[in-house]
Structures are given as C-alpha cells and as structure tokens.
Amino acid sequence: MSFMGTTICAVKRGNQIAIAGDGQVTMGEHTIFKSTAHKVRRLYKGQVIAGFAGSVVDAITLCERFEEKLTQCGGNLERAAVNLSQEWRSEQGARKLESMLIIADRSKLLILSGTGEVFEPDGNVAAIGSGGNFALAAARALWEHTDMSAEDIAVEALKIAASICVFTNENIIVETVGGEA
C-alpha cells in the first residue's frame with residue numbers, strides 16, 4: 001500500500017522565499033490517512049527550508065540525505081544538491097525514490113528529484129506533488145498580477161489547488177527565508 005498525496009508550492013518575491021505545503025497523506029487513491037502532516041521544514045540552523053512530496057518514506061529519505069550533504073557543505077544549498085546528485089548517480093544499484101523536494105535558502109530555489117536530478121525552476125515559482133500543476137498555475141498568475149508577498153502567494157496557490165485536487169487539503173504549513181518582499 002502506498003502513502004502519498006500532497007502539494008508543495010514555493011515562491012520567490014524580492015528577497016523572500018516561501019515554501020508552503022498541505023497536510024494530506026492519502027492511502028491508495030481513496031482514503032485520507034492523515035490530514036495534518038508537516039511536509040515543510042527548516043534545515044541547517046533554520047537557514048534552509050524544504051518541502052517534500054511523494055511516497056512518505058522515500059520523501060523522508062531524500063530529505064535526510066540532502067540534509068546530510070547540506071551539513072557537509074557548510075550550508076551551501078547548490079553545492080549540497082549537486083553533491084547529493086553526483087553521489088546518487090555513482091552508487092551501484094541506486095534506488096529511485098518516488099519523491100521530490102523543493103529546497104531554498106535566502107537566494108536560491110531548487111527542485112531535487114528522487115532520481116538524482118537537480119532543477120532550478122524557470123521564473124520565481126515552483127510546485128510539486130499531486131496538486132503541483134494547479135498550485136503552479138495559480139502561483140504564476142498571482143505573482144504576475146498582484147503585489148502579494150511570497151508567503152501569501154504560496155498559501156493562496158495551495159488553497160486554490162485544494163479546491164481542485166482531491167489529494168490536497170487546506171491544512172497549510174508555510175516557512176519563509178529572507179527578508180520582507
């Protein structure tokens with residue numbers, strides 16, 4: 001039985017980056033297993049934020065491996081992500097994790113996949129998970145056509161995704177890094 005179902009949305013505006021995630025964990029395709037999960041967290045002395053989506057065990061594994069690299073790299077987000085990716089690809093029989101992470105520090109926003117890929121999203125918005133495409137579309141529109149803060153856009157985009165995607169709910173956790181937008 002697989003446990004999944006979540007939406008994570010990240011927005012960069014000015015010198016602030018916000019990552020918001022809903023709290024839903026779905027068992028199979030028909031049952032809400034938990035509605036208050038915390039899938040957004042602070043890493044490396046609170047200087048980095050991360051949101052994870054996908055299979056719960058795989059997402060936690062990916063997050064923990066990234067956090068180890070982050071510590072080894074002295075908090076350098078980009079270097080830690082690339083080092084994890086290189087290590088992942090060089091391991092014999094490396095398992096493909098069914099998960100993704102959005103990670104950010106004060107200046108950089110990246111997406112890590114469970115297959116060892118590192119992406120820097122186009123623009124100032126990224127989203128992953130079951131409702132990721134809905135949240136991404138909403139966040140892009142809000143970013144382009146409003147003066148809302150990064151945090152407000154991320155939260156509102158998740159609310160919009162929750163109104164469309166059955167695997168997304170409105171129990172939203174948000175973390176920010178950087179100053180005011």
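**View 1. Salt bridges of Lys108 in the predicted model.** The side chains of Glu120 and Lys108 meet in a salt bridge at 3.5 Å, N to O (a side-chain nitrogen of Lys or Arg within 4 Å of a carboxyl oxygen of Asp or Glu). This pair links parts of the chain 12 residues apart, with Glu120 in the loop between strand E10 (118-119) and E11, and Lys108 in the loop between E8 and E9. Helices (H or I, at least four residues) and strands (E, at least two) are DSSP runs, numbered from the N terminus. Lys108 also forms a salt bridge with Glu78, the closest N and O atoms being 3.7 Å apart. Glu78 is in helix H2 (residues 77-90). Glu120 is partly exposed, at 49% relative accessible area, and Glu78 is partly exposed, at 39% (buried is under 20%, exposed over 50%, partly exposed in between; 1.4 Å probe, protein chains only).

**View 2. The salt bridge of Asp22 and Lys39.** The closest N and O atoms of Asp22 and Lys39 are 3.8 Å apart. Asp22 is buried, at 0% relative accessible area, and Lys39 is buried, at 7%.

View 3. Val125 lies in strand E11 and is buried, at 4% relative accessibility.

**Notes.** Residues are numbered from 1 along each chain as its sequence is written, and side-chain values use heavy atoms, without hydrogens and water. In this predicted model, local features need pLDDT of at least 70 and side-chain atom pairs count only at pLDDT 80 or more, whereas totals for chains, interfaces and linings use all residues.
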